[in-house]
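Reader: Hi! I have a structure open and would like to talk it through with you. Can you take my questions as they come?

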Amino acid sequence: QVTLLESGGGLVQAGGSLRLSCAASGRTFNPYVMGWFRQAPGKEREFVAGVTPSGGKPYYSVSVQGRFFISRDNAKNMGYLQMNSLEPEDTAVYHCAASRDPDYTEAYYPRTERAFGSWGQGTQVTVSS
């Protein structure tokens, strides 16, 4: 498993932007799909975005499509989530997660919690109205 640590959360006004970072350690990051999930108070954890091992194929949930952008730098073992046009409904704890691409095909797009075996502890994002 790879160890993940998020940073970059905070308090922002609606319409603002934040950039979350995810630092990976322990094992090489390259074979893993990187994902971001979030969990709001009283709600289940939900998928936000993912990116294939090369970084070339990002994919998103409908709720953040066009506002959030996921990227990664494998040379630095880092992942990122750029969040723009933030809304109060985006308030949640954001978790970075990693899922090993079983055949390194770049055609593996996991969206469920069960598919991700490594998790960070999360960073709080609060959007005020």
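Reader: Which ring does Arg-100 lie over?

Author: Arg-100 lies over the face of Tyr-32, at 5.7 Å from the ring centre. Keep in mind that this is a predicted model.

Reader: Thanks! And where does the charged end of Arg-72 sit?

Author: The charged end of Arg-72 sits over the ring of Phe-29, 4.3 Å from the ring's centre.

Reader: Let's switch to rings with rings. How many aromatic pairs does a search of the whole structure find?

Author: The search finds 7 aromatic pairs. One of them joins Phe-37 and Phe-47, and this pair is edge-to-face, at 5.6 Å centre to centre with 80° between the planes.

Reader: Nice. Which strands do Phe-37 and Phe-47 lie in?

Author: Phe-37 belongs to strand β4 (residues 32–39) and Phe-47 to strand β5 (residues 46–51), so their pair ties together parts that are 10 residues apart in sequence.

Reader: Are those two buried or exposed?

Author: Phe-37 is buried, with a relative accessible area of 1%. Phe-47 also counts as buried, at 9% relative accessibility.

Reader: And why is the pair of Phe-47 and Tyr-59 stacked?

Author: Their planes are at 15°, and planes under 30 degrees apart count as stacked. The ring centres of Phe-47 and Tyr-59 are 5.4 Å apart. This pair links distant parts of the chain, with Phe-47 in strand β5 and Tyr-59 in strand β6 (residues 58–60), 12 residues apart. Tyr-59 is buried, with a relative accessible area of 7%.

Reader: Which residues do ring pairs link into a cluster?

Author: The cluster contains Phe-37, Phe-47, Tyr-59, Tyr-109, Phe-116 and Trp-119.

Reader: Great, new topic: the sheet. In what order do the 4 strands come?

Author: The order is β1-β3-β8-β7, in an open sheet with antiparallel pairing. β1 (3–7) and β7 (68–73) stand at the edges with a single partner strand each, so one side of each has no neighbour in the sheet.

Reader: By how many degrees are neighbouring strands turned against each other?

Author: On average by 15°, with direction ignored.

Reader: Which residue in β8 stands opposite Phe-68?

Author: That is Met-83.

Notes: Residues are numbered from 1 along each chain as its sequence is written. This is a predicted model: local features need pLDDT of at least 70, side-chain atom pairs count only at pLDDT 80 or more; totals for chains, interfaces and linings use all residues. Side-chain values use heavy atoms; hydrogens and water are left out. Two strands pair if DSSP finds at least two bridges between them. Helices (H or I, at least four residues) and strands (E, at least two) are DSSP runs, numbered from the N terminus. Axes are lines fitted to C-alpha atoms, for helices over the stretch in contact, and angles run from 0 to 180 degrees between N-to-C directions. Rings of Phe, Tyr and Trp (its six-membered ring) pair if their centres lie within 6.5 Å; planes under 30 degrees apart count as stacked, over 60 as edge-to-face and the rest as tilted. Buried means under 20% relative accessible area, exposed over 50%, partly exposed in between (1.4 Å probe, protein chains only). A charge sits over a ring if NZ of Lys or CZ of Arg is within 6 Å of the ring centre and within 35 degrees of the ring normal.
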